Amino acid sequence: MGTIRIESARPDAMVTIDGESQGRAPLTASVPAGRHRIEIATAGQTRTHEVEVAAARETLVQAAAPA
């Protein structure tokens with residue numbers, strides 16, 4: 001297992017990890033090691049991040065505010 005920490009410039013950003021809703025950013029989630037798809041939706045836009053999570057490590061995803 002590893003950890004994904006998600007931060008967003010917008011506090012109302014909704015976070016999905018591998019197609020499952022996780023709630024609002026900021027948040028921290030434990031996930032199996034390997035590749036994961038993160039979607040961060042805010043202000044009618046969704047940004048997608050593909051991340052590789054290592055076992056026993058934290059992976060940080062920072063989402064910028066929409067332009």
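**Labels and the values behind them**

Modeller: Buried residues make up 33% of the 67 residues in the protein. Keep in mind that this is a predicted model.

Biologist: What makes T59 buried rather than exposed?

Modeller: T59 has a relative accessible area of 15%. Buried means under 20%, so T59 counts as buried. T59 sits in strand β7.

Biologist: And why is T28 called exposed?

Modeller: The relative accessibility of T28 is 51%. The cut-off for exposed is over 50%, so T28 gets that label. T28 is part of strand β4.

Biologist: Which residues does each of them touch, leaving out residues up to four places away in sequence?

Modeller: T28 touches T3, I4 and R5 on that count. For T59, the list is T3, I4, R5, V51, E52, V53 and A54. Contact here means heavy atoms within 4.5 Å.

Biologist: Which residues of β4 lie on the covered face, and which on the uncovered one?

Modeller: L27, A29 and V31 make up the covered face of β4, while T28 and S30 make up the uncovered one.

Biologist: How far is T28 from I38?

Modeller: C-alpha to C-alpha, T28 and I38 are 12 Å apart in space, and they are ten residues apart in sequence.

Biologist: Now the sheet. Which strands form it, and in what order?

Modeller: Three strands form an open sheet, ordered β4-β1-β7, with mixed pairing. β4 (27-31) and β7 (58-63) are the edge strands, as each pairs on one side only. From one strand to the next, the twist averages 20°.

Biologist: How do you know that β1 pairs with β7, and in which sense?

Modeller: Pairing takes at least two bridges between two strands. Strand β1 (residues 2-8) and β7 have six bridges, in the parallel sense. In one of these strands, β7, T59 is the bridge partner of I4.

Biologist: How many bridges join β1 to β4?

Modeller: Five bridges join β1 to β4, and these two run antiparallel. The bridge partner of I6 in β4 is L27.

Biologist: How many helices and strands does the whole protein have?

Modeller: Zero helices and seven strands. Along the sequence that reads β-β-β-β-β-β-β.

Biologist: What makes up the largest nonpolar core?

Modeller: That core has 15 residues, and I4, I6, V15, I17, I38, I40 and V61 have the most contacts inside it. At least two residues each come from β1, β2 (14-17), β4, β5 (34-42), β6 (45-53) and β7. β4 gives the most, with three residues. As for V15, its contacts beyond four places away in sequence include I6, L27 and I38.

Biologist: What share of the contacts join residues at least 24 apart?

Modeller: 42% of the contacts between residues at least 6 apart in sequence do.

How values were computed
Residues numbered from 1 in each chain as written. Predicted model: local features only at pLDDT ≥ 70, side-chain atom pairs only at ≥ 80, totals over all residues. Heavy atoms only, no water. Helix = DSSP H or I, 4+ residues; strand = E, 2+ residues; numbered from the N terminus. Axes fitted to C-alpha atoms, helices over the stretch in contact; angles between N-to-C directions. Buried < 20%, exposed > 50% of the residue type's maximum accessible area, 1.4 Å probe, protein only. Core = buried A, V, L, I, M, F, W, Y, C linked by side-chain atoms within 4.5 Å.
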